[in-house]
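This briefing goes through one protein structure topic by topic. Keep the sequence and the 3D view open while reading.

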Amino acid sequence: MQTQANRSGPVVLYEGARLIAGDGSAPVADSAFLVENGTITKVGKKGELTAPRGAGHINLTGKTVMPTLINAHGHPGFQRGLTYSADNFTRENIIDDLNRALYFGVAAVQSQGIEKGEVMYQIRADQEAGKLGGARLHIAGRGIGAPNAGPGGAAYAGIAYEVTTEDQGRKAVQELAGKKVNLVKIWVDDRNGRAPRLPPDLFRAIIDEGHRHGLQVNAHVFYYTDAVELVNARIDAIVHLVRDKEMDDALVASVVQHNVYVMPNLSPERGTHAELPHWLQDGDPLMKLLQESVSPPVIARMKKRYENRDAAGVERARTQYGILQRSLARLAKANAKITLGCDTGLEDYLFGMSEQHELESMVGAGMTPMQVIVAATSRPAEYMKLDKMGVLAAGKEADFLVLDANPLDDITNTRRISKIYVKGAEINRASLRLSLTKAFTN
Ligand SMILES: [Zn+2]
């Protein structure tokens, strides 16, 4: 699937848009930026930038541009249409998820350790060689957990390393380093009392071994006490908020002091609605993107979840979710390194859709739209070492969204996508759309 058609000339001046750089700096009204061979070479105001002779001009008056989104926590490959299983974990289906992400404006995805076999390594290599489009894939290979305490779900059985000794933990990391994973994933959870969780001496050894190999280690976490220990043990990122209680000032201060990246993962927001949420209603910009790219039976199943909801269940979900919201507000206030990461790819939490939903949930929890844009662009780029992505500035890749409305006014305007550019080339969204709907009706 060729996703980078409509290639503009090698030098193009884009003029007139409101430009949101992605690094938290104030937006530039009436901007101009020059792109040469896929790289941004100048950013300034319209009328102040000159383009070389023969350069193309694109008028973006009335539009807003911002960097493409980056999701640091996803699980590509498991859902295909209405089915969800390890059998779906094929090259074709993983690429379909990466194309789906890109269609919604997400240009890079970190897979978080539920990865079977060699297929993702091949996809990453093909992308690096320029042979394959879609959202850029970063991988963690097989994540590491205590027996039966790794990824929870029948589709994931047997994929993660199960370790009970420091030596096994270190060997797993060495194997992963040999395969050049982008980072190491561990699970520290007892899966609701079903299994003993990875103990601190083991995760300390894994973190140490990761760092010896220059690899960041990130942790799935559930319990407050584990988060405290992980942060003290120099974990690089926690890929969920604590879920048994609120993160207090002491833990938040420790997260900030140790430079730990935090992925809020607000997907439980979906459970807080007694009735069909607005994004699943006709006319909503997220619903429009879904209808363009997902088959009707999948959308019908998403909607069905909201029929005859039990009031007590909704109440419980809201109480639980309130814990996450308050923790996130506290982290944002303390300037913690909040990073978009939302468990994309769980059943009916589709690529593209879930990232867009997460941005709205982050604002709902008390972050400003500007903080959320930083968390979805420059921050994950920094964490994932995507040095050329995540910011619209000279020297960076021209990876950007052209939006019909300003996301600083309303974060859901990130869904009003007019065009997507990757390395200066406009993505052919019509052909992406065709391939996506085909994949989901098969
Ligand atoms: Zn996950």
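Asn37 is exposed, since 11 other C-beta atoms lie within 10 Å of its own and a residue counts as exposed at 12 or fewer. The model shown here is predicted.

**Two asparagines with positive phi**

- Asn37 sits in the loop that links strand 3 (31-36) and strand 4 (39-45).
- Although Asn37 is not a glycine, its phi is positive, at about 50 degrees.
- Asn192 also has a positive phi, near 65 degrees, and is a residue other than glycine.
- The place of Asn192 is the loop between strand 14 (184-188) and helix 4 (200-212).
- Is Asn192 buried or exposed? Asn192 is exposed, because 8 other C-beta atoms are found within 10 Å.

- Strand 14 runs parallel to strand 15 (residues 217-221), and five bridges join the two.
- Which residue of strand 15 is the bridge partner of Val184? The partner is Val217.
- Together with helix 4, strand 14 and strand 15 make up a β-α-β unit, and this unit is right-handed.

- Strands of a sheet pair through backbone hydrogen bonds, and the pairing can be parallel or antiparallel.
- Phe400 has Tyr421 of strand 20 as its bridge partner.

- Another open sheet has three strands in the order 7-10-11, and its pairing is parallel.
- Its edges are strand 7 (69-74) and strand 11 (136-138); each has a single partner strand, so one side of each is left without a neighbour in the sheet.
- From one strand to the next, the twist averages 20 degrees.
- Strand 10 (residues 106-111) and strand 11 run parallel, with three bridges between them.
- Ala108 has Arg136 of strand 11 opposite it.
- Helix 2 (residues 119-128) packs on this sheet and touches strand 10 and strand 11.
- The direction of helix 2 makes about 135 degrees with that of strand 11.

- The protein is divided into domain 1 (11-67 + 391-441) and domain 2 (69-273 + 299-383).
- Taken over C-alpha atoms, the centres of domain 1 and domain 2 are separated by 28 Å.
- How many residues does each domain bring to the contact? There are 26 residues from domain 1 and 20 residues from domain 2.
- On the side of domain 1 that touches domain 2, strand 6 (64-67), strand 20 and helix 13 (429-441) each supply at least two residues.
- Helix 13 gives the largest share of that side, seven residues.
- By class, that side of domain 1 has 16 nonpolar, five polar and five charged residues.

**Two further residues**

- Lys131 lies in the loop between helix 2 and strand 11.
- Lys131 is exposed, because 9 other C-beta atoms are within 10 Å.
- Between Lys131 and Ala86 there are 45 residues in sequence and 25 Å in space, C-alpha to C-alpha.
- Ala317 belongs to helix 9 (residues 311-333).
- Ala317 counts as partly exposed, because it has 18 C-beta neighbours inside 10 Å.
- Ala317 and Glu269 are 48 residues apart in sequence, and their C-alpha atoms are 8.1 Å apart in space.
- Leaving out residues up to four places away in sequence, Ala317 touches Pro268, Gly271 and Thr272.

Conventions. Residues numbered from 1 in each chain as written. Predicted model: local features only at pLDDT ≥ 70, side-chain atom pairs only at ≥ 80, totals over all residues. Helix = DSSP H or I, 4+ residues; strand = E, 2+ residues; numbered from the N terminus. Buried ≥ 20, exposed ≤ 12 C-beta atoms within 10 Å, placed from the backbone. Pairing = 2+ DSSP bridges. Right-handed = clockwise from strand over helix to strand, strands pointing away. Axes fitted to C-alpha atoms, helices over the stretch in contact; angles between N-to-C directions. Contact = placed C-beta atoms within 7 Å. Domains from an automatic or database assignment. Nonpolar A, V, L, I, M, F, W, Y, C, P; charged D, E, K, R; others polar.
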